[in-house]
Amino acid sequence: MLRMYDLIQKKQNGYALSEEELTFFVKGVTDGSIPDYQISALLMAIFFKGLTEEETTVFTECLADSGERADLSAIKGKKVDKHSTGGVGDKTSLIVAPMVAATNMGVYVAKMSGRGLGHTGGTIDKLESIPGVNTNQSREDFLRIVNEIGLCIGQSSCFAPADKKLYALRDVTATVNCLPLIASSVMSKKLAAGSDCIVLDVKCGSGAFVKTVKEATELADLMVKIGTRAGKKTVALITNMDVPLGRNVGNSLEVIEAIDVLDGQGDKDLTELCITLAANMLYIANAADYDECVRAVTKTLHDGSAKKKLADLVAALGGNSDYIYNPSLFKESKISAIIAADRSGYIYKMDTELIGVAAVVLGAGRMTKESPIDHRAGITFHHTVGDYVNEGEAIATIYTSNISKAQNGMELIFNAVKISDKKPEPKKLIYKTIGGKF
Ligand code: URA
């Protein structure tokens, strides 16, 4: 008979767990028969001793099997999903899913997304900032929407219930930051969600869960191997999260910025990253050669077709698509305030995790699992790393609902932005890819 005590001790001593043991563990997490303290103890042992590639692959499949696996066979073409490992200001899903669908190249976007996690934002919260949007569609409606308009965004929390439980425990036991646990958590939901092809955007830098290119490469490699072994065409791009992506952080602010990109008038880096991600989604689904995919997705930003797809998606999810054509309908927050430079110089560094925390404090994320989100709260940056600012010049504007949140958020942002006489070396937007193109 298997006992959790023995599994914990075995991992503590650095041995690999067998398929039978990992299956026993995930089953016990799912049916509630293993107490939280033993689950947490094994997570901590894994945190220190790791999992082999083989263990990680088996563990991922067990997590994926802890709930239902989606059957997307009713969708008539290649199905592609895209996933970011989490960042600050990352609104790419709202842009790339409509771009891919708008090309009409026979590739369908059946995208599963999450809510904000810690200091990072989530696509579901962003979409729900548009009045009326309901991302909790039935399986039938999800498939119907993908077939009708070429894309849908649903909630990844319907999949891999064991991961949900483990993630909640990792969050409070300081065991999130562990590559095999991140890889299995992300990939279990992607495998269960059922697409044929997966593009992973592995974020790297001060605002990401992994801080160095070396670590991000290890994580990306592992996830690509897991996806490929499961028969999915999987590629990863490793991208910069040492600055917030784009100008806006916060839910409706990010939707507004996504619309700017879909109008062909968005932030340069954000637009470039979206074109690269969308082109890779088409490319790995064998829609065309890479250059042709780039041309096709770029065109959708200039002929209004990607913006129309976002409006179609909002309408299909029960939302008011007028907001997409007229973003001034989004209500402004009660309070706004400017953060000004306290000296002249170059913006040398932005602690992006701290900026993510500031966004949460302002109301854009959740302080506890239950706390409501203020969809209007957030930050607009007027400058980024490498810009020269004069003393007194506005660096950012914050939006929130009360004075104490404003004060706390402003202090965090002030501490996150470092100004120096020295101009920083520019960093790459995309560091490398595993299996994809850029
Ligand atoms: N996102 C996930 O879904 N899981 C992790 O462990 C980290 C980021």
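In this predicted model, helices α9 and α10 pack against each other, with axes that come within 9 Å. Helix α9 covers residues 179–193, and helix α10 covers residues 213–229. The two axes cross at roughly 40 degrees. The crossing of α9 past α10 is right-handed. On the α9 side, the contact involves Leu179, Pro180, Ile182, Ala183, Val186, Met187 and Leu191. These residues meet Glu215, Glu218, Leu219, Leu222, Met223, Ile226 and Gly227 of α10. By class, the contact has 11 nonpolar, 1 polar and 2 charged residues.

Both helices also take part in covering helix α4. Among the elements that cover the buried residues of α4 are α9 and α10. Others included are α1 (4–12), α2 (19–31) and α8 (161–172). Helix α4 is mostly covered, with 9 of its 12 residues buried. The buried residues are Glu55, Thr56, Thr57, Val58, Phe59, Thr60, Cys62, Leu63 and Ala64. The length of α4 (residues 53–64) agrees with expectation, because 12 residues at 1.5 Å a residue should span 16 Å and the end C-alpha atoms are 16 Å apart.

Strand pairing was examined next. Strand β8 (residues 345–350) runs antiparallel to strand β10 (residues 388–389), and 2 bridges join them. Within this pair, Tyr346 has Tyr388 of β10 as its bridge partner. Strand β8 is also joined to strand β12 (residues 417–420), here by 4 bridges. This pairing is antiparallel too. Met350 stands opposite Val417 in β12.

Terms used:
Residues numbered from 1 in each chain as written. Predicted model: local features only at pLDDT ≥ 70, side-chain atom pairs only at ≥ 80, totals over all residues. Heavy atoms only, no water. Axes fitted to C-alpha atoms, helices over the stretch in contact; angles between N-to-C directions. Left-handed = near helix turned anticlockwise from the far one by under 90°. Contact = heavy atoms within 4.5 Å. Nonpolar A, V, L, I, M, F, W, Y, C, P; charged D, E, K, R; others polar. Pairing = 2+ DSSP bridges. Expected span 1.5 Å × (residues − 1). Buried < 20%, exposed > 50% of the residue type's maximum accessible area, 1.4 Å probe, protein only.
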